[in-house]
Amino acid sequence: MKRKKDTSHPAFVPPYVIGVGASAGGLEALQDFLSHVPDSLRNISIIITQHLSPSYKSMLVQLLSRSTKRTVVEIESGMRIEPNIVYITPPDNELVIKKYKLLLNKSAHVIGPKPSIDAFFTALALELKNKTIGIILSGTGSDGANGIRAIKRAGGLTIVQEPQTAKYDGMPVSAIRTEAVDLVLAPEKIGEEIREYLTNPSYLQHIETPLLPTKDAMTDILNLLSKRTQTDFSKYKQTTIVRRLEKRLSLLKMTSLEDYVKFVKENPTELNQLFQTVLIGVTEFFRDTEAIASLEKTLESIIARKAVNEPIRIWVCGCSTGEEAYSIAIIVSNILRERVANHHIQIFATDIDEKALETARRGVFPASSVENVPSKLIKTYFVKLPDGKFEVSKSIRAMILFSKHDATANPPFLKLDMVSCRNLLIYFNIDLQKYILSVFHYALNIEGILFLGKSETVGQYGDLFSTVDGASKIFKRTTSNRSRTFAMSHFQPSRVFSSDPVTGGDKGKMSVTEMVKETLFKTYEYPFVIINENFEIQEIYGDVRLVLNLGEGIVNMSILKLIDKQLNLELHSILTKAVKDRVPVKGKIRGFEFMERKYYVKIIAKPLLYTQQSSELFIIIFEFFNDEEETQYFLPPAGANIDPRLEEMEKELQATREHLQTYVEELETSNEELQSLNEELQSTNEELQSSNEELETSNEELQSTNEELQTAYVELKQLNSLISGKDEELKRSAMHLTSLINSNPEGLMLLDTDFRILTYNRSSVRMFRNFFYKKLKEGESIISFLPASVLGICSEKLTEARNGIESAGNEFTIPLKNHGTAIIRINFFPVFNDAKKVVSIITNYLDVTNVEMIKGKLAVTEKLLSSVFKVSRHGICITDEKGMFVDFNDAYLRIYGYRRSELIGRPFTTVVPEPMRKKAVKLYQQFMKDGTEPPAEWTVVRKSGKEISIRVEATMLKDDRGDKFKVTSIQPIKKRTV
């Protein structure tokens, strides 16, 4: 029923339009959603777009009508949107909305979901702006994600089905990852939320109000989440985590993080939901084509340097559901080809999300996931499953080890040729990025490569990695002289939360203490450096060129190597005491010369307070003195007869004595420690000797076990060879069987007991295309491919075959597009297993149109000429338009010496001598065209081979259907006697 209400009419009120997108598993979700939309919502329209096969006759209208009191209609192009109607988009059509009209267009894309939810949502947002509500329900792939963004930009409401309630969570998860989703709900709860949204103007305040977390509440959340998941989120970017928290608070209708903390403590399982919300697992096969092409070239050069049997080790950090890892494995396999067995390939794919890893280990992906994969690679490295999904081949899956691993806490994999970490660093703060990059540098072989995401770079660690391809973000490990403190097992990220990035810190809110600290830091007059407990310089503030300088040789960032030699002893003494006792130490004023000028400096070392690092930090202050101060400290008092140079030397001597005394004490302490260590080593040596004896025993046992394993290995290898041989035999048998089936002129098809197509031959494809105008597809029900004229009987026969009853000789008349008809004979045969149970059904299809046509022609001809044949003394034959014998009388058979069965259905040239056949055919065609032929004499050949002369006369005969026949009368010519 068409509804075309004019939008220009004053009574027409543009309704809110709810666009719903669904795919696999969406029927149940649609029914739950529609059945719970409140009846009080009258000024809304619902438009449903679901992915369906182009050839499938949708039953959505009938099925959904049972779930709602609203009118449910299938869209016809040109319909206007009206309130309180549920519209269904028909299969193989793209839906566009213009001026409140629903317009259907045939899809121009061969590949991709149909109809496109993205295209529909985008058109809806452009037309209706903020009067749009977009809903994504169960389905595979990512269709709808871009449409959700469009609706959100237009000011509409966006809702997604809770992934855990969806039969297939691909589309809901992809939509959630856009960060443009307002609500995540179970289908039965969506209707009530829409009612609240449309009737309560302040509804969106709790959604759109930015979250302003306090320091204590945020710290509590991070601690609870880290403890629950064994993953430290304190070094993740706080803005990212706050956005994820906003989503959870929006769903729970909370506006305060303190309330959320209380809720989490009362409901610990909420942390699991928050964990899944925080994780951002966006990946795809061969992401970024240009970068992948550059990576392949780089890997080729690395692999080319590998010797036979040398391992290839790769780490994919943050692998999510595994597409990235599988892509790299395919690249490596494609590079090596037949040489792949010459190397031990180890690809370590890690992530902290165990759910994503389970998906990755299965290696099964929907068809939408492999849309960007070249067809050649799909044929080589994927197996298409009956349900339309694609499974990664076993050879590729065998290269990859998927495991849960936290790169920020667990030790890295070592001796790697490559690390792939794409779009993970962007979620870490600067400190964690620095640490992770140092981990990667430590884990990689020399000249190993690092593959990052588009928005990532090595940043301040440019001395650790050189650029291979800046556009593709490929970097190579270098041998760096820059020292790094790297302690894998001791890295403890800070759990202190800073609200500045979120709240945008305000100077007016700073305390007096903070302002004093800021003032002292900004106005401090002496230069200073920050070092770690290994004396390595971390930061420099102010001009220290007078006391620090670079010398020849390899660069070393130790302050003791860079300090002026005249001050080295003083600095060493001060640092030793400061680091050992963790107390501030002040040196004495020391003079030194630089560029033939005298300078004076006091060195002060202090440990930094509240250091949040893996190692302690210290501040080294260089307090310089001007000329007036120099005179005060170093010139003798007036009237004193003391040589200033001698006084300075005495002070230096005194300082040297103090330093030596310090060294003596340190040496004595070290000696005591060495003696104690020696005793411990002796004890350890005894334990090692005992352990060595145990190891000897264990070694003998291992040798025995190794011999057993070698024997088992040989047996397994032999068994594997046998299995491989059997596998080849099976492949050959399958190939032969396929060839036999495809050569059969009959259409053959194998169905399962649910009538889904398992396989078919070429003749089936041809017949269904020519007679039913359908393209067969494995995994689909045969019911959807049969025309309505035969569907009822075929369904009945299929059910009988499933119950073990075979049915043959079923003939059906099929109307053709050219207004003709075809007669198809369909047979149904059950296939039994050893237990006599039906496991599948064979159907075969045979075109018997010509046979039936000839039968009809014979019947007509017999009626027309039976009387003539019986009384005529002349030989008479009837042939059709193609020159085939249709009938003849007994006199004709006697003249030529044939039996009836030997001539019926054969060409008339059978009785014409070979040299004359071309001429006879040409004259026959001319006769069928003109309808006339003058009497003539011909030489013909009998069955015995004897040639005779006959006189021939012919006439044209047409039946009531317009078919033409040639009636030929012959009479032998007797030889004249002289």
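These are my notebook entries on what I looked up in this predicted model.

**Ground rules**

I number residues from 1 along each chain as its sequence is written, and my side-chain values use heavy atoms, with hydrogens and water left out. Since the model is predicted, local features need pLDDT of at least 70 and side-chain atom pairs count only at pLDDT 80 or more, while totals for chains, interfaces and linings use all residues.

**Entry 1: salt bridges**

I started with charged pairs. Side chains of opposite charge can pair when their charged atoms come close. I counted a salt bridge wherever a side-chain nitrogen of Lys or Arg is within 4 Å of a carboxyl oxygen of Asp or Glu. The count comes to 22 salt bridges.

I looked up Asp752 and Arg756, where the closest N and O atoms are 3.3 Å apart. For accessibility I call a residue buried under 20% relative accessible area, exposed over 50%, and partly exposed in between (1.4 Å probe, protein chains only). Asp752 is buried at 13%, and Arg756 is partly exposed at 37%.

Next I checked Glu933 with Lys966, a salt bridge whose closest N and O atoms are 3.2 Å apart. Glu933 sits in the loop between helix H29 (917-930) and strand E34 (936-941), and Lys966 is in strand E36 (residues 964-972), so this pair ties together parts that are 33 residues apart in sequence. My helices (H or I, at least four residues) and strands (E, at least two) are DSSP runs, numbered from the N terminus. Glu933 is partly exposed, with 23% relative accessible area, whereas Lys966 is buried at 8%.

I also noted Asp963 with Arg961, at 3.6 Å between the closest N and O atoms. Arg961 is exposed at 54% relative accessibility. Finally, Glu192, Arg195 and Glu196 turned up linked in a network of salt bridges.

**Entry 2: empty space inside**

Rolling a probe the size of a water molecule over the atoms shows where empty space is left. My cavity is a set of points, on a 1 Å grid over the protein atoms alone, where a 1.4 Å probe fits but cannot get out; lining residues have an atom within 4 Å of a point. Grid points are joined across faces, edges and corners, and a volume is the space filled by probe spheres set on the points.

I searched the whole structure and found 1 cavity of 30 Å³ or more. Which residues line the largest cavity? I listed Leu751, Ile782, Leu786, Cys794, Leu798, Ile826, Phe828, Thr843 and Tyr845. Helix H25 (788-802), strand E30 (821-832) and strand E31 (838-847) each supply at least two residues of that lining. The lining divides into 8 nonpolar, 1 polar and no charged residues. Here Ala, Val, Leu, Ile, Met, Phe, Trp, Tyr, Cys and Pro count as nonpolar, Asp, Glu, Lys and Arg as charged, and the others, Gly among them, as polar.

**Entry 3: cysteines**

I looked for disulfides, meaning pairs of cysteine sulfur atoms within 2.5 Å, and the count comes to 0. Cys317 is buried at 5% relative accessible area, and Cys421 is buried at 0%.

**Entry 4: two covered strands**

I turned to strand E12 (residues 345-351), where 6 of the 7 residues are buried, so the strand is largely enclosed by the rest of the structure. I take two strands as paired if DSSP finds at least two bridges between them. Strand E11 (residues 312-317) runs parallel to E12, joined by 6 bridges, with Val316 opposite Ala349. Thr350, also in E12, is buried at 0%. Thr350 and His405 are 55 residues apart in sequence but 5.4 Å apart in space, C-alpha to C-alpha.

Strand E9 (residues 157-161) has 5 of its 5 residues buried. Both faces are covered, with Leu157, Ile159 and Gln161 on one side and Thr158 and Val160 on the other. Strand E8 (residues 132-136) runs parallel to E9 through 4 bridges, and Ile135 has Ile159 as its bridge partner.

**Entry 5: positive phi**

Most residues other than glycine have a negative phi. I found Lys99 with phi near 55°, in the loop between strand E6 (93-98) and strand E7 (101-106). Lys99 is exposed at 66%. Tyr773 also has phi near 55°; this residue lies in the loop between helix H24 (762-772) and H25 and is partly exposed at 35%.

Terms used: 1 Å grid on protein atoms, 1.4 Å probe; cavity = no way out; pocket = protein on both sides within 12 Å on 5 of 7 lines; lining within 4 Å.
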